Amino acid sequence: MTELREIDSKWAKKWNRMKIFEADIGDKEKIFATFPFPYMNGPLHLGHAFTSTRVDVWARFKRMQGYNTLFPWAWHITGEPIAGAAKRVAEGDESQIRIFRDIDEVPEEEIKKFISPEYMARYYINDSKKSLIELGHSIDWRREFTTTSLHEQFDRFIEWQYLTLRDKGYVRKGTHPVVWCPNDESPTGDHDRLEGEGASPTEFIILKFEFGDAFLPAATLRPETIFGVTNMWINPDVEYVKINIAGERWIVSREAVPKLKEQKDGVEIISSFMGRELIGKVCREPIKGREIIILPAGFVRPDNATGVVMSVPSHAPYDYMALKDIQENPDEAEKYGITKESLMKIKPISLIKTPEHGEHPAIELVEEMGIENQKDAKLEKATEIIYKQEFYKGILGNITGKYSGLKVNEIKKQLLEDFIALHIADKMYELLEMVRCRCGTTCVVKILKNQWFLNYSNEEWKAKVREALQDIKIYPPEARANFENTIEWLEDKACARKTGLGTLLPWDKEWKVETLSDSTIYMAFYTIAKHLNLEKIPGSKLDRGVFDYIFYGNGNIEELSSKYDINTELLEEMRNEFEYWMPVDLRCSAKELIPNHLTFFIFQHVVLFDRSKWPERIGVNGMMSIEGEKMSKSKGNFITLKKALRENGASVTRASLLYASEGMRDPDWNTKSAKDMEIHLRNLFAMIKDASSLSFRKERKNIDLWLESRLQRHIKNTTDNLEELRTRSALQSGLFDVWRDIRWYLRRDKPEKDMVFEAIEIWVKLFSPYVPAISEEVWGILGKNGFISLAKWPEYNEDKINIKAEAAEDMLSELLSDIKNIIKVAGITPKKIFLYISPEWKWEVLETLSSMSKEKLKNAMKELMKRENLRKHGKEVSGLITYYTRKPERLRFIARIDERAILEEAREFIEREAKAEVEVHLSEDENIYDPAGKSRNAMPMKPAIYLE
């Protein structure tokens, strides 16, 4: 074990033994930070580690700021994943067993016991808890709990939640489309899916085209475009079937039948045939009865909706390109007896006008974008542009009859109602991406009757959520729009399923509360879990009245104590804990949870708790990838937290994860980057450890004032970044930027002892939230008492900002770089370097120009020539104006400094770095040594240089 890993292990054990992160109610202002409890169908992985370490860094930062900080943890086992995996183990599923054995590193003898869902969950919980302790998370483990069957107290809490929601009218029975697993015969929520998390049923409109004794039902998202249909697309190589459905006959792909059976009554197959039998024939569109030819199209997917597609080339880029291709290359069509002449008669029909385009928007955009054929990747973007423009800005044309002149987005609902009333349209729900249940079954959309739903479509409920969102700080701010969009489109959600693990719905016990429905307000349960665990209060005592008292203050405490055999002091303590810790100050999770968990989190808080308990902050981050590829267990591209800790240790893992990304950008775990981080941290620790052996000076110099000033800037930058959860930026400023400045300080001169150790103390505090074990070790080396984790965070002191000292060091750094570049270009080894500093009049020009607005700069020459002392330098003044105008960054006047004094003080440093003797001269002095006339190039903050 390397030195760093020994340090990681030492402090993880010490924190756990000393229980320094246990938080109880007190007089100090509190912080309550949470991470969504992880699902225990496997070990924690680097995605969990990334987000949870962001929470831990913020919690540690707030704790050092003096807040009474609570970071609790719990485990989620509700739903199908664990039960499904246990079933697959019992069936001997080798692919499932291989994942447990090879990726999760579960011993064979343990895997055999995984036929019990509870045993599997408990195994992974124990395994993951060890990893979190090793990682160094500052968790109060007294508040730990597990959902559903492993924790009956939590079951009672969820029962209280759903009884209360039902009483308030937010849970109701109804008929809705849901994502459905045919194998489990149950709704499949996001967390119950192997694939397709976030996908939800999309409503397609079925437009019925007459075809003999049946209809060709074309599925579309844009029913208004029926007025512009020119042809139908059918895949000739796909099997189609004629079916009875609701008293009609439809022709659809065979793949559409099982979907329709889940949504319609009485679906029966009458006959089957290949799509090629339909090609070249005609159907009739239902508005005006126009004959529409059926053309072959290999791009029509039989598994998408009905497998029947209508073509509107004026307003659909894909349709236009497909029609163009078949007209230019008619061989395929001619096989079905379709002549080129009949193909060329098909003309695009315009029906929507937009400000951006003329009669045929899709055709015009395709040509503008240089799209060459229907396989061009740019077609997707073109489609997105056209659909958006026509929906939000489109006006229906004369061809649409009574809808002419109306906006597409305003008439769409009425148009659909009219079409359905005329029996020419119907509805079908489809998934726009593959969704697979945890059991491995491909999911479909089912119209579910007599199912329990959360009424998220309720407009009054949404209004309260919008109100709450206005006051919630969202990090990063650009994620706010994602929440706003989710609130707008969110529909009712099934809140229960019949299979898997879960709390029984208290009034209908054939149903279990599903995985995204018992994970919305459990933060309130954290506040009392400590007492429930320590006092070992059984679930049987936690009736609804107990929770009503704790969370609402309802009921008589003496009567409740007597009824449920819980002493009044304990009831009061739990009530006080809830009042003290709520609301949640930070909830942090990945961006993929915005469309579900994070938004549901807000929805349920606003109706179950009063405004004072609504969330304060929500942090959002990207999704972890491994070596540039998306994490996937099935593909083997997956790293468990346990493995990362074994290979890298806690400090390297934490720092590597949080240096990978911030905001909404996806972080990537890169092995080389982790090894580089280990080298950085080893060097950092070695440098600090060896600081006491440095040779020190006693007198204070400009460089000390510079470092003192720079440290204040780093304190402010790190603090500001952490406040808004910019965790990568805070690591950059708090660790690497300070390190860079300390290296410059030590390079410049012998350090002043008090200054260097003050800098190290501030530095180690700033990076402490990221690599707390190394920080604790350094804290001890510095001779400090107690834990740095509980030490006071550095406070920004503006009085210590020294602009002149910073300007002086900026000048020196740039000067040194200029000297080395000249030496390199000239290819010489100088014995002597002459430095010429700017004359007084050039400083006057700089000060004047820097005070001028852009408009006044145009007349700068006229203004400056009014001054007698500058007129004699007219040509040079003109050159300066040109120079500063072209380099506005140099026009920013910071501070007037004594360049000569600074250079004289730093002479030894410059000589040491340049390996040459240095002389400093004022460029306007008489009789200076200047054989090449370099002194005339001297500028404020930029001395001229001559090498000899």
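1. A nonpolar core is taken here as a set of buried Ala, Val, Leu, Ile, Met, Phe, Trp, Tyr and Cys residues joined through side-chain atoms within 4.5 Å. In this predicted model, the largest such core has 147 residues, and Leu-835 and Leu-849 touch the most other members. Beyond its neighbours within four places in sequence, Leu-849 is in contact with Leu-857, Ala-860, Leu-864, Ile-881, Tyr-884 and Leu-891.

2. Helix 13 (residues 378–393) has 16 residues, which at 1.5 Å a residue should span 22 Å; the C-alpha atoms at its ends are 22 Å apart, in agreement. Its buried residues are Leu-379, Ala-382, Thr-383, Ile-386, Gln-389 and Glu-390. They lie on the same side of helix 13, because their arc around the axis is only 140 degrees. Glu-380 and Tyr-392, on the other side, are exposed. Among the elements covering the buried residues are helix 9 (317–328), strand 15 (352–353), helix 12 (361–368) and helix 14 (408–421).

3. The count of aromatic pairs is 55. Tyr-522 and Tyr-526 form an edge-to-face pair, since their ring centres are 5.6 Å apart and their planes stand at 65 degrees. Both Tyr-522 and Tyr-526 are buried.

4. Phe-736 and Trp-739 are stacked, with ring centres 6.5 Å apart and planes at 20 degrees. Both belong to helix 26 (residues 727–748), 3 residues apart, or about one turn of the helix. Phe-736 counts as buried at 13% relative accessibility, and Trp-739 is buried at 7%.

5. Two charges over rings can be listed. The charged end of Lys-208 sits over the ring of Phe-215, 5.7 Å from its centre; that of Arg-748 sits over the ring of Phe-909, at 5.2 Å from the centre.

Notes: Residues numbered from 1 in each chain as written. Predicted model: local features only at pLDDT ≥ 70, side-chain atom pairs only at ≥ 80, totals over all residues. Heavy atoms only, no water. Buried < 20%, exposed > 50% of the residue type's maximum accessible area, 1.4 Å probe, protein only. Contact = heavy atoms within 4.5 Å. Helix = DSSP H or I, 4+ residues; strand = E, 2+ residues; numbered from the N terminus. Expected span 1.5 Å × (residues − 1). Arc of directions from axis to C-beta. Phe/Tyr/Trp six-rings, centres within 6.5 Å; stacked < 30°, edge-to-face > 60°. Lys NZ or Arg CZ within 6 Å of the ring centre and 35° of its normal.
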